[in-house]
Amino acid sequence: MIDLAEAVALVERTCLPLPPRLVRLLDACGRRLAAPVFADVDSPPWDRAMMDGFAVRSAGYPPGDSIAEFDVAVDLAAGDVTTLEIAAGACARIMTGAPLPPGTDSVVPVEAAVDGTAGMHAGGRVRLRDGRFRAGQHVARQGAAFRRGQELLAAGMPLGAAEVGLAAEAGATHVMAVPRVRVALLSTGSELVSVDAVPAFGQTRNSNGPMLAAAVRLLGAEAIVLGIAADRPEAIRAMVAQGLAADVLVLSGGVSAGDLDLVPSIFARCGVEQVFHKVRLKPGKPVWFGVLRRPESPATIVFGLPGNPASSLVCFELFVRPAIAILAGRTRDAWHLPRCRARLSGAAKAAADRPVYLPCRLRGPAGGREAEPLPWSGSSDLLGLAGADGLIALPAGGRVHEAGEEVDVVLRDTATAVIG
Ligand code: AMP
Ligand code: MG
């Protein structure tokens, strides 16, 4: 059995960022670019009408409130192009998004047509009022936003929606990024039934499966749900072998000291090297951690979490969270849940031999926070955790921490699928 801090440090030292590779643009959203993105086109790619109206040659028209008359030479909807040169005294009926035809340099909005909409199409004539025929008016000039060959997104930049749009405009179907971390989830236990079953006497719903999949997703990683394996070596081994193809394998159940706790020996037979088993921690003492190293490809990080749901989740937050964050290439400040100091609003009892984590509700502003311990029956009680804002972390020592005492609180994180 090792100390919690040492166990966390071992996880941090064992995990390495996954190597970046080309990933589909959309799969890279929420991640950082590993290589810059360059433009393969100018933006706009040509002089583009920004209003519905008439493309004209501005030269020769007086500024001010005059009215000028034009022959409409051609109609141009978005997507239409023409090589027709628009002469002085002529114009093109043009829609937003179409390229300006040769000979023109500005767009007079449709609202400037004096005689309404009749005759405004090719072959007709149009009289335009308020002829502020300024060169470039209502035109987005070619290359005004960026030029072909320009670096648009630098390596290291996080890809949000705008960045994905920009990369798409630049023709990047794929970008270099750390791929999404793939986390295989396996629940072990002959008593387990799926969530849609009504458990018979002696059976337990597999709540860890959805719970851990949710925790994985909230970190922006991919959850590969393997399902349930009964407590039989062949059953567990086959599914562990499958799970070892992922970047991380998180198994729950079967790691404590009972007769049927087969998992550590199966890991050993699958070539997974044990880094630690059992940590001074409550809940979560039986947690198992190891790594499958391969000569040519990245290692698979392996966790055996205790089966009791609350223990499982506490261990996920303390050990699996940093592992996923490190593999995803996130910066150190994003590896762990944030912590704060808070004053207890009621008594909380520490464990004699190991640090204890207790669900609490938080009140008050930062700096003056109060932590109210929630009713909680221990490692199988998810109700206490579900309403909690955080976990009070009490050091070993067995003493009762009274109301008013300051304690450490690990803040629960309900939406962390963000960049870091
Ligand atoms: P174990 O760690 O296998 O000894 O399991 C400890 C307790 O957690 C037992 O009461 C199990 O029935 C329960 N348990 C194990 N796995 C799960 C699971 N996937 N979902 C809900 N409870 C579980
Ligand atoms: Mg079990």
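Thr104 sits in the loop between strand 7 (90–94) and strand 8 (106–109); helices (H or I, at least four residues) and strands (E, at least two) are DSSP runs, numbered from the N terminus. This is a predicted model, in which local features need pLDDT of at least 70, side-chain atom pairs count only at pLDDT 80 or more, and totals for chains, interfaces and linings use all residues. Residues are numbered from 1 along each chain as its sequence is written, chains are lettered from A and ligands numbered from 1 in the order in which they are written, and side-chain values use heavy atoms, with hydrogens and water left out.

Thr104 counts as buried because its relative accessibility is 11%; buried means under 20% relative accessible area, exposed over 50%, and partly exposed in between (1.4 Å probe, protein chains only). Leaving aside neighbours within four places in sequence, Thr104 is in contact with Ala55, Val56, Arg57 and Ile86, where contact means heavy atoms within 4.5 Å. The side chain of Thr104 also reaches the backbone oxygen of Pro101 at 2.8 Å. Between Thr104 and Ala88 there are 8.9 Å in space, C-alpha to C-alpha, and the two are 16 residues apart in sequence.

Ser58 belongs to the loop between strand 5 (53–56) and strand 6 (68–76). Ser58 is buried, since its relative accessible area is 9%. Not counting residues up to four places away in sequence, Ser58 touches Asp105, Ser106, Phe133, Arg134 and Ala135. With Asp105 there is a polar contact from side chain to side chain, at 2.8 Å. A polar contact is a pair of N or O atoms within 3.5 Å; within protein, one must be able to donate a hydrogen and the other to accept it, and residues adjacent in sequence count only if both atoms are side-chain atoms.

**Backbone angles in loops**

Most residues other than glycine have a negative phi, and most peptide bonds are trans.

| Residue or bond | Backbone value | Loop |
|---|---|---|
| Ser43 to Pro44 | cis, omega near -15° | Pro44: between strand 3 (37–38) and strand 4 (48–49) |
| Lys282 to Pro283 | cis, omega near -5° | Pro283: between strand 19 (279–280) and strand 20 (288–292) |

His138 counts as partly exposed, at 32% relative accessibility. Lys278 is also partly exposed, at 26%.

The largest pocket holds about 570 Å³ of space. Of its 36 lining residues, Pro306, Gly307, Asn308, Pro309 and Ser311 are the closest to the centre. On a 1 Å grid over the protein atoms alone, a pocket is an open set of points where a 1.4 Å probe fits, with protein on both sides within 12 Å along at least five of seven lines, and lining residues have an atom within 4 Å of a point. Grid points are joined across faces, edges and corners, and a volume is the space filled by probe spheres set on the points. Strand 15 (204–205), helix 6 (309–327) and strand 24 (356–363) each give two or more residues to the lining of the largest pocket. This lining comprises 12 nonpolar, 16 polar and 8 charged residues. Ala, Val, Leu, Ile, Met, Phe, Trp, Tyr, Cys and Pro count as nonpolar, Asp, Glu, Lys and Arg as charged, and the others, Gly among them, as polar.

The second largest pocket has a volume of about 360 Å³. Met211, Ala215, Leu313, Glu317 and Arg412 are the closest to its centre, out of 20 lining residues. Helix 6 gives the most to this lining, with 5 residues, while helix 3 (208–218), helix 7 (382–386) and strand 28 (406–411) each supply at least two. By class, the lining of the second largest pocket has 14 nonpolar, 2 polar and 4 charged residues.

**Helix 3**

The buried residues of helix 3 are Asn208, Gly209, Met211, Leu212, Ala213, Ala215 and Val216. Among the elements that cover these residues are strand 13 (182–188), strand 16 (222–229), helix 6 and helix 7. Just after helix 3, Gly220 takes a positive phi of about 80°.

**Ligand 1**

Around ligand 1 there are 17 residues, of which Glu191, Asn206, Gly254, Gly307 and Asn308 come nearest; a residue is near a molecule if one of its heavy atoms lies within 4 Å of it. A backbone N or O atom of Gly307 lies 2.8 Å from an oxygen atom of ligand 1, and a polar backbone atom of Asn308 is 3.1 Å from an oxygen atom of the ligand. For Ser207, a backbone N or O atom lies 3.2 Å from a nitrogen atom of ligand 1.
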